[in-house]
Amino acid sequence: AETVINSTANESVFIDDLGVGGAVLFDSLMVDDSGGAGISVTRNGGDITFNGAVGILSPAAGVTAPFVTIMNSTATGSVAFTRNLGITGDATSVGGTGIELTGNASNSTFSAVGTTITGVGGQGINIFADGSNVNFTSVGLTDVLSIFNADKEGLRIFGNSGLIVFNNSAT
């Protein structure tokens, strides 16, 4: 079943300091009108998995936080979006960067299958000062990585030491 989170004062999903061996599992998730980041993960040492489609819609007016932010994960930390991840800003409250990865340790991982980012106020994807291994995977002709109408760079990679892969396995 889908989890729906609407009109929060701060982050809609905030996961902080998940320890080694810890796990968080979501099926489908819909976030709208967040007062902060739609999904914020900090100091992750465990496994966080989104098994269903994830949609993050426009934040509250004036919010400039990233739609998804993963920061300061340990070497054992893993965040995986296994189905479509959709991020959508709008003309009145575009928010900040679509996906931001920063300060994550070497050997931590981030992966996403079929990602669409539209109308965000910052970069579509911003990976900076980061050591994590990152994998954006496209499957087939419809579950692809697409970035439309970002107010800054569509994709920014700066000061990283991890492996970053953009993989299309069209069938």
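Biologist: Which residues does Thr 69 touch, not counting residues up to four places away in sequence?

Modeller: Contact means heavy atoms within 4.5 Å. Thr 69 lies in strand β8 (residues 68-71), where strands (E, at least two residues) are DSSP runs numbered from the N terminus. Leaving out residues up to four places away in sequence, Thr 69 touches Ala 37, Ile 39, Ser 40, Val 41 and Glu 100.

Biologist: What kind of model is this, and which cut-offs does it use?

Modeller: Residues are numbered from 1 along each chain as its sequence is written, and side-chain values use heavy atoms, with hydrogens and water left out. The model is predicted: totals for chains, interfaces and linings use all residues, side-chain atom pairs count only at pLDDT 80 or more, and local features need pLDDT of at least 70.

Biologist: Is Thr 69 buried or exposed?

Modeller: Buried means under 20% relative accessible area, exposed over 50%, and partly exposed in between (1.4 Å probe, protein chains only). Thr 69 has 7% relative accessibility, so Thr 69 counts as buried.

Biologist: How many residues has the largest nonpolar core?

Modeller: A nonpolar core is a set of buried Ala, Val, Leu, Ile, Met, Phe, Trp, Tyr and Cys residues joined through side-chain atoms within 4.5 Å. Ile 39 and Phe 50 are among those with the most contacts inside the largest one. The number of residues in this core is 30.

Biologist: How many aromatic pairs are there?

Modeller: Rings of Phe, Tyr and Trp (its six-membered ring) pair if their centres lie within 6.5 Å; planes under 30 degrees apart count as stacked, over 60 as edge-to-face and the rest as tilted. By this rule the count is five.

Biologist: How many residues apart in sequence are the parts that Phe 26 and Phe 50 tie together?

Modeller: Phe 26 and Phe 50 form a stacked pair, 4.9 Å centre to centre with 10 degrees between the planes. Phe 26 lies in strand β3 (residues 23-26) and Phe 50 in strand β6, so the parts tied together are separated in sequence by 24 residues.

Biologist: Which residue forms a salt bridge with Arg 43?

Modeller: A salt bridge is a side-chain nitrogen of Lys or Arg within 4 Å of a carboxyl oxygen of Asp or Glu. The count comes to one. The closest N and O atoms are 2.6 Å apart, and the partner of Arg 43 is Asp 16.

Biologist: Is Asp 16 buried or partly exposed?

Modeller: The relative accessible area of Asp 16 is 32%, so Asp 16 is partly exposed.

Key. Helix = DSSP H or I, 4+ residues; strand = E, 2+ residues; numbered from the N terminus.
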